[in-house]
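Open the model in your viewer and keep the sequence panel beside it. The stops below say what to select and what to look for at each one.

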Amino acid sequence: MTSIEQNSSASPQESVLAIINSKAPFSSSHGKDALDVALIFAAFEQKVSLFFQGDGVYQLMDKQDGSLLGIKDYLKTFSAFEFYDIEDIYVCQPSLASRQLDEDFHIDDVQVLSSIEFGLALNRHQHVLRF
Amino acid sequence: MKTLAVVITTPPYSHLTITALTYVEAALVAGINVIGVFFYQDGVMHANENISIASDEYQAIEHWQRLQKQYQLPLHICITAAEKRGIACDAIDNDKINKAFTVSGLGELVELTTKASRLVQF
């Protein structure tokens with residue numbers, strides 16, 4: 001993947017891609033599609049960060065099982081983030097608060113950020129994709 | 001030189017696709033180097049050879065074909081997203097995929113993202 005590294009125009013302090021997750025996990029395939037993009041970037045050793053905002057915060061809630069709906073439970077794959085070196089996982093605090101959700105996540109090392117911090121973190125990325 | 005890559009996630013009948021096409025064509029006309037368009041999620045429906053949109057509707061697929069031909073604009077579809085939607089991509093001489101499109105994977109999206117000065121998603 002040297003050609004990609006050479007062509008990367010991201011400066012060292014800047015991550016290549018931010019992925020914003022804005023949809024609830026099981027009513028559409030947006031969450032799974034976002035996950036696939038995140039894992040492929042990580043597999044190509046491109047720095048990728050995950051942002052959870054709006055109904056997207058439901059993707060991080062503990063004690064869910066998509067298989068009860070007959071859906072492949074892609075949320076289980078979140079536990080592989082560490083293996084893929086996906087370390088920057090941010091969740092929007094006001095999105096949790098407005099849904100009366102506790103910080104009870106099914107993965108570790110999730111950073112809960114205020115709106116301003118969330119925006120600043122996003123700004124450290126060269127590209128953004130939203131699902 | 002500034003380079004642009006575009007991600008399309010909307011199907012051919014979406015109004016957002018019209019906006020995307022207008023945007024991409026304006027960029028090409030302005031001489032911006034559009035290094036590729038990546039069709040993901042419902043965007044892959046553009047490559048379905050069996051789709052025929054009613055003649056009084058916007059012909060998004062024809063417009064993509066035209067841009068591809070006129071500007072040699074690379075149009076990539078995500079194979080996983082296509083197969084998930086029932087568009088078989090495995091045959092060698094495939095008559096189910098519109099010839100203007102190239103069957104690619106998400107690795108192509110990584111390539112486009114890292115090469116582009118700017119990535120725009122529709």
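Select helix 1 and helix 2 of chain B: their crossing is left-handed. In this predicted model, the axes of helix 1 (residues 15-29) and helix 2 (residues 60-71) of chain B come within 10 Å and cross at roughly 15°. Angles under 35 degrees count as roughly parallel, so helix 1 of chain B and helix 2 of chain B are roughly parallel to each other.

Now show the side chains at this contact. On helix 1 of chain B, pick T17(B), I18(B), L21(B), V24(B), E25(B) and L28(B). Helix 2 of chain B meets them with A60(B), H63(B), L67(B) and Y71(B). By class, the residues of this contact are seven nonpolar, two polar and one charged.

Stay in chain B and select V6(B). Leaving out residues up to four places away in sequence, V6(B) touches A20(B), V24(B), V34(B), V37(B) and V120(B). One of these, V24(B), also belongs to the helix 1 side of the contact with helix 2 of chain B.

V6(B) leads on to the largest nonpolar core, which has 65 residues. Which of its residues touch the most other members? They are I19(A), V37(A), A38(A), V6(B), F39(B) and V44(B). Helix 2 (residues 30-43) of chain A gives the most to this core, with seven residues. In soluble globular proteins, nonpolar side chains tend to be buried together.

Next, colour the two chains separately and look at where they meet. Here 15 residues of chain B are in contact with 16 residues of chain A. On the chain B side, helix 4 (106-115) and strand 5 (118-121) are the elements that give two or more residues. The largest share, eight residues, comes from helix 4 of chain B. The chain B side as a whole divides into six nonpolar, seven polar and two charged residues.

Select helix 4 of chain B by itself. Is this helix mostly covered or mostly open? It is mostly covered, with eight of its 10 residues buried. The buried residues are L106(B), E108(B), L109(B), V110(B), E111(B), L112(B), T113(B) and T114(B).

Two backbone details in chain A remain. Go to E45(A), in the loop between helix 2 and strand 2 (48-52) of chain A. E45(A) is not a glycine, yet has a positive phi of about 60°. Is E45(A) buried or partly exposed? E45(A) is partly exposed, because 14 other C-beta atoms lie within 10 Å.

The last stop is D109(A), in the loop between helix 3 (93-98) and strand 4 (110-113) of chain A. D109(A) has a positive phi too, near 60°, in a residue other than glycine. D109(A) counts as exposed, because it has 10 C-beta neighbours inside 10 Å.

Notes
Residues are numbered from 1 along each chain as its sequence is written. Chains are lettered from A and ligands numbered from 1 in the order in which they are written. This is a predicted model: local features need pLDDT of at least 70, side-chain atom pairs count only at pLDDT 80 or more; totals for chains, interfaces and linings use all residues. Two residues are in contact if their C-beta atoms, placed from the backbone, lie within 7 Å. Helices (H or I, at least four residues) and strands (E, at least two) are DSSP runs, numbered from the N terminus. Ala, Val, Leu, Ile, Met, Phe, Trp, Tyr, Cys and Pro count as nonpolar, Asp, Glu, Lys and Arg as charged, and the others, Gly among them, as polar. A residue is buried if 20 or more other C-beta atoms lie within 10 Å of its own, exposed if 12 or fewer, and partly exposed in between; C-beta atoms are placed from the backbone. A nonpolar core is a set of buried Ala, Val, Leu, Ile, Met, Phe, Trp, Tyr and Cys residues joined through C-beta atoms within 7 Å. Axes are lines fitted to C-alpha atoms, for helices over the stretch in contact, and angles run from 0 to 180 degrees between N-to-C directions. Angles under 35 degrees count as roughly parallel, over 145 as roughly antiparallel, 65 to 115 as roughly perpendicular and the rest as oblique. A crossing is left-handed if the near helix is turned anticlockwise from the far one by less than a right angle, and right-handed if clockwise.
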